[in-house]
Each structure stands twice: as C-alpha cells, then as structure tokens.
Amino acid sequence: MLSLRLARGAHPLVLLRRLLVALAAAGVGFLLLCSLGYAVAHPKATHESLVRLLWCAAPLAAVVQFALAVARNDPATRPRDGLDAIGLGPVRLSVLAATSTAISCSLGSAAALLVYLELRGDLGATPLSGAASGLLDGRAALPWGAALTLLGLLPALSAGACAIALRPRKERAGRAPGASEATAGEEAAPAAARAPRPSYAGLPWGVSIIACGLALEAYVGHGPAPAPNSLLALPGQNSGASPGLLGGWLLASLGLVLAGPGLTHWCGVLLSAGRPGAMRLLAGRMLQDTATRIGRPLGVLCAVASGALAAVELYGAAWERSGPRPFGPLTGLGAAVVMACVTATAITAALDARQLRSDTTAALDRLGVPASLLRGAAAVRSLVLLAVLAPLTWVIAELTALPLSR
Amino acid sequence: MVAPPDNDVLWARGLHYSYSGSPALTGVSIGVREGEILAVTGPRGSGKTTLLKCLSGQILADPGEVWFNSAPVHTLSRSARERLRRERFGWIDCRPHLVPELTGWENAALPLLVRGTTHRAAKQTATEWLERLDVGDCARKRPGALTQAQRQRIAIARALAADPTVVFADEPTAPLHHTDRAQVLRTLTTAARSHQITVVLATLDEESAALADRTVTLVDGRRGGAIPAPDASEGEGRAACSVSA
C-alpha cells in the first residue's frame with residue numbers, strides 16, 4: 001500500500017519510467033505467450049518451440065535490467081533520514097522497491113495477456129478480436145497454468161533482482177549508511193580499509209573474452225558444416241548456424257559488457273591527461289568516478305548495438321521487398337523490446353549519476369562556477385564516449401558478422 | 001538610493017527574505033568594512049546563512065539592497081552575480097562540499113582553473129595555500145581518503161587561493177572537534193588579516209566571535225539588540241503553551 005501511496009505523489013517522470021517498465025514487461029509477456037501458443041499448436045515440434053522460448057531470454061534479461069535501473073533510480077525508494085528514524089530504513093525500502101517493481105511488471109504481464117487473448121480472438125465481440133489468430137495459433141486452447149507461470153516469471157525475477165541488488169550493504173564502523181560526508185566529528189576515513197575494486201579491473205577480462213569469442217567464431221566458421229538440426233538455429237538460415245558460432249557471438253557481447261566500465265574509466269583518464277583546464281578536468285574526473293555506474297549499461301548498450309549491426313550485416317539483403325523475409329513480426333517485437341530497454345537503461349543510469357552529483361553541483365554553484373561550464377563538461381564527456389565506443393562497436397560487429405556471413 | 005559610506009566594502013539595507021512563505025530575514029541592514037573580520041552570531045534559525053547568501057548574491061533579497069564596492073549587486077543578472085562570486089568572493093560552507101572526484105590540490109585550484117588561470121600557476125598557488133593550512137600532504141589524495149578536518153581545511157584553501165576580496169564563512173568549524181576548531185579558525189583569521197581579505201563569519205559560539213573585529217547578532221531574522229521584535233512577545237508564547245498543555 002505504501003508503494004502505491006508514494007507512487008501517487010511521485011513526479012511524472014518517475015511515473016513515466018514505471019510505465020515504460022510495464023510496457024516492456026507487456027512486450028516480454030506477449031513474446032512468452034506466443035512461444036507457449038506455438039508449442040501448444042505444434043506438439044510435435046518440440047525443438048522449434050524450445051528455440052522460440054530460449055530466444056525470449058534476451059528480452060527478458062533486458063527488461064529485468066531496465067526494471068532494476070528504474071528501481072535504483074526511484075526517489076521513493078532512496079533511504080531518507082526521516083523515514084529511517086521511524087523505522088522505514090534501507091531494509092524496508094529495498095522490500096518496497098521490489099514490491100513496486102513487481103507491481104509494474106505484473107501490470108504489464110496482465111496487459112500482455114489481455115492483448116494476446118484479444119488478438120487470438122478468445123475474448124470475442126470486440127473490434128480487434130481475432131485480428132492475428134493465424135499468426136498466434138488461435139485454434140489451440142491455451143493451458144492456463146502454463147500461461148500464468150510464464151507471465152509470473154518476469155515479476156518474480158525482477159522483484160528478486162531488485163531485492164538482491166538494493167539490499168543494504170554490510171555496515172562499516174565510522175560510515176553511516178547513505179551519508180558520505182554528513183557524519184559530524186572526526187570521521188577518520190581509512191582509505192585502505194574500504195578500497196573498492198577499481199572499475200577498470202574488468203577491462204582485461206573483457207578484452208580477452210572478446211578475443212576468445214572472435215577466435216571461436218573464426219575457428220568454427222572454418223570447420224565442417226554442423227548438423228542441420230543443431231540447437232539454436234539462426235532465423236532465416238536453412239543450413240543453421242552452429243552453436244559454436246552463436247557462442248562466439250555471445251562471448252564477444254559478454255566481453256563488451258565486461259569491458260564497459262574499464263573503457264569509460266580510461267576515457268576519463270585520457271580526457272584529463274596533460275595539463276587540463278577546468279572543463280576537461282571536471283569532465284574527465286567525473287567520467288572516472290562514475291565509470292562503474294555508467295559504464296556497465298553503456299557496455300550492454302554497445303553489445304546490443306554491435307549485435308544489431310551484425311544482424312543488419314547478415315540480413316541486410318533480405319530486408320528488400322522481394323525474397324523470403326527472415327524476420328517475422330515477433331522477432332521484430334523482441335528486438336525492439338531489447339533495444340528500447342537497453343537504451344532506456346543507459347539513459348536512466350546517466351540520470352541517476354546526475355542526481356547523485358546534485359550535492360556537488362550545488363556546491364560548485366555556490367563557488368560561482370557557471371552552469372555553462374558544467375554543461376560543457378557533460379557535452380565533452382558524451383562526445384568522448386561516443387568517439388571511443390561507436391567505432392569499437394562497429395569493429396566488433398563487423399568481426400562477428402564476418403564468419404557468420406560466409 | 002543613498003550611496004554607501006566609502007569605507008564599507010559591502011553594504012546591505014533592509015534585507016527581507018522568506019523561504020516559500022516562512023520568513024528568514026525581516027529587515028536586516030549591515031555594513032562590512034574593508035579588511036575587517038565581522039562575526040554574525042545568533043542561534044540556529046536566526047537567519048545567518050540566509051544573510052550570507054544574500055550578501056554573496058546567491059539569493060536575491062525581496063525587498064532589499066546589497067552594494068559591493070559602491071556597485072549594486074541586487075540589480076545584477078544571475079550570470080553577473082555568478083561572475084562576481086567567482087572573481088571577488090570566496091565561500092566556506094559548514095560542510096566541506098569538495099568535489100569527490102578531484103584530488104586535494106585540484107579542489108583547491110578549481111576556482112582558479114575556472115577563471116582561466118594556467119594549469120601550472122593554479123597548481124602552484126593551490127599547493128602553497130595547502131602548505132600554509134598544514135594540509136600539504138593531502139594534495140594528492142581524494143576527499144574520500146581524508147578526515148573531516150583535513151577536508152574542511154582544503155575547503156578553506158579553496159576559498160582563499162582564489163585571492164578573493166570578501167570571504168563568506170558559514171559556520172566553518174561546525175563539523176570539527178574543539179582543538180581542530182580553534183586551529184582552523186585561527187588559520188583562517190590569520191590568513192585573512194595578512195592578505196587583507198574581508199571575512200564575514202557566521203558562527204554559533206562566542207569563542208569564534210572573539211576572534212572577530214566586530215560582532216553582529218541576529219535574532220529571528222532581525223539585528224538583535226536594535227529594535228525589540230513587536231509581535232514575538234513573551235505573553236503570546238506563554239499563552240500558546242498553556243493552551244497546548
């Protein structure tokens with residue numbers, strides 16, 4: 001109830017973000033229901049049904065990530081002094097965040113169920129009824145238990161992820177939770193005692209995993225053609241891509257995700273190298289400091305973008321009007337959900353970082369640092385990130401698509 | 001409009017300010033002479049911070065006038081007031097409010113860098129001030145690795161390194177222990193006197209006020225001791241107490 005009450009008074013932007021989560025959840029729910037419908041209509045084709053279900057994992061993961069980012073950025077679930085004093089501390093608030101995430105995801109799933117039934121023609125006597133019954137296999141009856149289980153998957157997963165990710169960390173002596181500089185008195189901050197893992201630690205791992213993925217792809221690409229009914233066939237390729245090729249692609253994407261924070265950090269180092277002026281100094285150091293927070297979603301964004309570029313490379317010719325179309329509307333929906341979620345997550349993370357810096361921004365304003373300088377620093381940061389990450393993404397997309405297109 | 005007296009570097013008349021309806025300043029007039037250390041004392045909530053913010057041009061009094069070096073501040077645009085704060089004023093808050101990503105000397109040199117001073121000159125000035133304030137060994141550390149006293153000294157160095165005309169210090173010793181408090185305050189006042197910097201110091205304790213040349217007391221947004229507040233008489237409060245009991 002409290003989460004609903006807090007949502008009632010929330011800023012429209014916050015509500016919009018939750019609505020986006022619900023929409024994304026609806027998209028994933030729809031995809032899951034479609035794969036269920038296919039499985040029910042074609043009881044013989046277990047292999048194809050399984051592949052369809054497995055492909056739903058990508059949008060599912062993207063939505064869980066987006067829901068987590070939104071919950072982390074939600075002002076209603078930040079620890080607040082007043083609420084902590086009356087017993088609504090970080091523990092309760094993480095539960096609250098999980099609840100509100102589950103609510104938005106369940107709303108989306110319910111909407112997906114309604115739309116699915118409507119399009120199949122199960123609701124009857126409504127204008128759109130049965131508009132896509134051919135595509136959605138409207139003849140077979142839907143097993144309710146299985147449908148509800150699949151729809152409950154996303155709320156449960158995202159709520160669990162929220163509860164785990166937002167649970168309060170272990171309290172350390174001398175550092176009050178939620179307050180960095182606020183504690184009064186001689187707050188001795190032992191630097192060595194809480195030295196966090198540097199954000200660039202993942203970079204070597206990321207680079208080596210990307211290299212492994214590309215090498216695997218190149219190796220498998222030269223090997224003999226795989227059995228035609230091997231698992232995880234790419235859509236639109238009759239001969240079927242072997243699991244090795246797909247595994248290599250996935251490894252390269254994973255490497256990009258891991259390398260994201262490190263890349264962001266070194267962008268910051270590069271930016272503030274030499275004898276920087278105020279703008280370059282602020283921009284570079286901010287980038288280094290927020291490398292983990294911004295770099296991870298950026299890495300995911302890069303991975304998805306390189307996947308999309310590789311797909312364009314592979315199927316670019318097939319998008320012409322003539323010839324067989326490899327992508328059905330459902331593949332398009334899945335891809336749209338993934339890309340929208342990943343982009344929205346990156347934007348949310350950037351907003352989150354800005355909000356965390358609001359204290360510092362206020363202090364700089366008191367010193368008379370003009371707002372134009374801060375805006376300039378933000379622009380420089382985005383430009384540098386773009387200049388470094390965009391070519392990298394393109395190169396990796398080209399390299400992953402090379403063996404696949406042969 | 002009456003021109004301010006010549007020896008006042010900063011001069012304000014009839015300052016009123018209220019935070020969305022709740023009054024913080026109700027008619028404060030004040031003059032700050034060149035090179036002096038002026039203490040503004042008063043209990044919490046008496047409007048010290050608001051007065052300092054008005055004087056430094058962070059907020060605009062409504063109504064009220066602020067003059068700096070015989071030029072009006074209250075008629076300036078926001079960007080002009082920002083430039084004034086950047087080039088002529090220094091600000092020390094009750095919390096250090098350092099930029100967490102920057103090292104000690106970079107924090108202290110930030111106002112100079114923003115002004116467009118060269119990197120080398122800014123670094124040299126900032127390091128000199130850090131040495132003077134006994135935090136020279138913190139120059140290469142981030143604020144997260146320092147104690148609160150060290151951070152506050154870096155904040156003071158940041159305010160003084162930019163060679164301001166007036167430094168506003170809003171309870172600069174609030175987060176410190178007794179020994180640190182005395183030392184920090186003494187360094188601030190000594191540095192200000194030796195560099196002819198005017199200091200407006202908001203403080204709670206009498207001890208700090210003793211280091212100042214002059215003391216102005218604020219009570220409920222008014223100059224204390226000047227005119228008794230007419231509507232906050234004792235009788236009203238007593239009546240309210242008896243009703244609630």
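This is a predicted model: local features need pLDDT of at least 70, side-chain atom pairs count only at pLDDT 80 or more; totals for chains, interfaces and linings use all residues.
Let's start inside chain A. Where they meet, 22 residues of domain 1 are in contact with 19 residues of domain 2.

On the domain 1 side of chain A, the elements giving two or more residues are α2, α3 (46–55) and α4 (57–73). Helix α4 of chain A provides the largest share, with ten residues. Sorted by class, that domain 1 side has 16 nonpolar, four polar and two charged residues.

## The largest nonpolar core

Now for the largest nonpolar core, which has 163 residues. Inside it, A:Val63 and B:Leu130 have the most contacts. Helix α2 of chain A (residues 12–41) gives this core its largest share, 13 residues. Domain 1 and domain 2 of chain A both give residues to the core, so it lies between them.

What does A:Val63 touch, leaving out residues up to four places away in sequence? The list is A:Ala24, A:Ala25, A:Val28, A:Leu154, A:Val337 and A:Cys341. As a general rule, nonpolar side chains tend to be buried together in soluble globular proteins.

## Where chain B touches chain A

Finally, the two chains. Their contact takes 29 residues from chain B and 25 residues from chain A. On the chain B side, the elements that give two or more residues are α2 (78–87), α3 (104–115) and α5 (148–161) of chain B. That side of chain B has 13 nonpolar residues, along with eight polar and eight charged ones.

Technical notes: Residues are numbered from 1 along each chain as its sequence is written. Chains are lettered from A and ligands numbered from 1 in the order in which they are written. Two residues are in contact if their C-beta atoms, placed from the backbone, lie within 7 Å. Helices (H or I, at least four residues) and strands (E, at least two) are DSSP runs, numbered from the N terminus. Ala, Val, Leu, Ile, Met, Phe, Trp, Tyr, Cys and Pro count as nonpolar, Asp, Glu, Lys and Arg as charged, and the others, Gly among them, as polar. A nonpolar core is a set of buried Ala, Val, Leu, Ile, Met, Phe, Trp, Tyr and Cys residues joined through C-beta atoms within 7 Å. A residue is buried if 20 or more other C-beta atoms lie within 10 Å of its own, exposed if 12 or fewer, and partly exposed in between; C-beta atoms are placed from the backbone. Domain bounds come from an automatic or database domain assignment.
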